[in-house]
Amino acid sequence: MSASNSPSPSPAAKPAKLAAVKGMNDIMPPDSFRWEWLEEKVRRLMGQFAYRNMRTPILEHTALFVRGIGEVTDIVEKEMYSFHDRSDKYGDNDHLSLRPENTAGVVRAAIEHNMLYDGPKRLWYTGPMFRREKPQRGRFRQFHQIGAEALGFAGPDVDAELILLADALWKSIGLTDVRLELNSLGQPAERARHREQLIAHFERHADLLDEDGKRRLHTNPLRILDTKNPAMKPVVESAPQLMDFLGEESLAHFNGLRAILDANGIAYTINPRLVRGLDYYNLTVFEFITDRLGSQGTVCAGGRYDNLIAQVGGKPAPAVGWAIGVERVLELLKEQGAAIPEARPDVYAVVPDAAAAPVVLRTLRQLREAGVSVQMHAASAEGQGSFKSQFKRADASGAAYALVFGADELARGAVTLKPLREQGAEQVERRLDDVPAWAPTLQSPR
């Protein structure tokens, strides 16, 4: 067949567009600045309370969560992303899980690195967690938490300290529409006596339980108290209360916490139906709750877990902590119209002629070294752009000033500084050989 008669090659098929996994979201500018703003507030506050940052892997041995969280919890039974790793050369493979929460990982790391050998530790973390559940408002398959954990402290004073830390965070970020609920789960023996009575109560009213309640009746009956099913409200409200089974020491711990909160003017409600979905909690449990986010109303949840360290294989030591849902906090701030600063440079550099780049970049380097945030206009595929188009970009950037590197100014060894946000403010020239002297006047408060 001659070349002229050969068929023309068919066009390559266009690759299918790929999207993120359902319930695992990209965080893009400008929203990402809101995350950075919140994280900076947290970082500063944790330092004031002398909590130190730690970072653990997102992937752990599945056994850690089975042992720590509890085999019959919803998380372990239905929500974890778990898999067998590839076999090594001996045919061995590990069973691994993406972390559904981070308290167990913090405890595992503390044991592995013998962190408590020289005394108790105050720790905090931030990062992604993973649970396979139906994505909905305020609840995603990849979600983010900020957590604080105090390991080795037995008294109610540190329980109170953590609640005061969360309250200080709300004030720092301007979050107002949350309320605090408290309860005590007592100790295992007290909970066991309550569990017997609880099962007996629900067995007498088994016809009123939904399928979830029936499934939990003999494995985790305490979780039935946390049901969101309104049809079960009467049977839950008439159930025996754990508080009635608490001994003298458990009550003293709870009353000690309340006394500290009262002395600090922290309002709270005692909710005898408040339980935690994880097996490792004892004594104090608490939640900060909002009504603005529908059924996903818990913004911060925590409590004491004195048995977890031994449960995971360490030397017995008390512990207490909390975790905050980052997405929910940001959603709540947005819902209540809280003012969050926007990401914007102090200065936008207008560059009419690309040939000025050596002078421009030297000047901007000096400004940045002085702490000034600068966005430089750079050429696109269509060229440098007109003065008018560059000033439009300068205005859209949110910068307080435009720094104009015009040919006339550069010939005089100067640049023009033009205010963009002050009505009636006049533009002025600034010398290029004295940048450190005038740079501080351009820096906005951080």
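Buried means under 20% relative accessible area, exposed means over 50%, and partly exposed falls in between, with a 1.4 Å probe and protein chains only. By that scale, Asp 212 is partly exposed at a relative accessible area of 27%. The structure above is a predicted model, where local features need pLDDT of at least 70, side-chain atom pairs count only at pLDDT 80 or more, and totals for chains, interfaces and linings use all residues. Residues are numbered from 1 along each chain as its sequence is written, and side-chain values use heavy atoms, with hydrogens and water left out. Here is a short tour, by topic.

**Salt bridges**

- The structure holds 21 salt bridges, each being a side-chain nitrogen of Lys or Arg within 4 Å of a carboxyl oxygen of Asp or Glu.
- Asp 212 is joined to Arg 216 by one of them, at 3.0 Å from N to O.
- These two residues are four apart in helix α7 (residues 211–216), which puts about one helical turn between them; helices here are DSSP runs of H or I with at least four residues, strands are runs of E with at least two, and both are numbered from the N terminus.
- While Asp 212 is partly exposed, Arg 216 is buried, with a relative accessible area of 10%.
- Glu 40, Arg 43 and Arg 44 belong to one network, joined by salt bridges that share partners.
- Within this group, the side chains of Glu 40 and Arg 43 meet at 3.3 Å, N to O.
- Both Glu 40 and Arg 43 sit in helix α1 (residues 31–48), three residues apart, or about one turn of the helix.
- Glu 40 is partly exposed at 34% relative accessible area, and Arg 43 is partly exposed at 38%.
- Lys 121 and Asp 118 form another salt bridge, with an N to O distance of 2.5 Å.

**Aromatic pairs**

- There are two aromatic pairs in the structure; rings of Phe, Tyr and Trp (its six-membered ring) pair if their centres lie within 6.5 Å, and planes under 30 degrees apart count as stacked, over 60 as edge-to-face and the rest as tilted.
- Trp 170 and Phe 288 have ring centres 5.5 Å apart and planes at 75 degrees, so they make an edge-to-face pair.
- This pair links distant parts of the chain, with Trp 170 in helix α5 (residues 156–173) and Phe 288 in strand β9 (residues 282–289), 118 residues apart.
- Trp 170 is buried, with a relative accessible area of 3%, and Phe 288 is buried at 3% relative accessibility.
- Phe 387 and Phe 391 are a stacked pair, because their ring centres are 6.2 Å apart and their planes are at 25 degrees.
- Helix α13 (residues 387–396) holds both Phe 387 and Phe 391, four residues apart, about one turn of the helix.
- Phe 387 is partly exposed at 42% relative accessible area, as is Phe 391 at 23%.

**A buried loop residue**

- Leu 246 lies in the loop between α8 (233–237) and α9 (248–263).
- With 9% relative accessibility, Leu 246 counts as buried.
- The C-alpha atoms of Leu 246 and His 201 are 18 Å apart, and the two residues are 45 residues apart along the chain.
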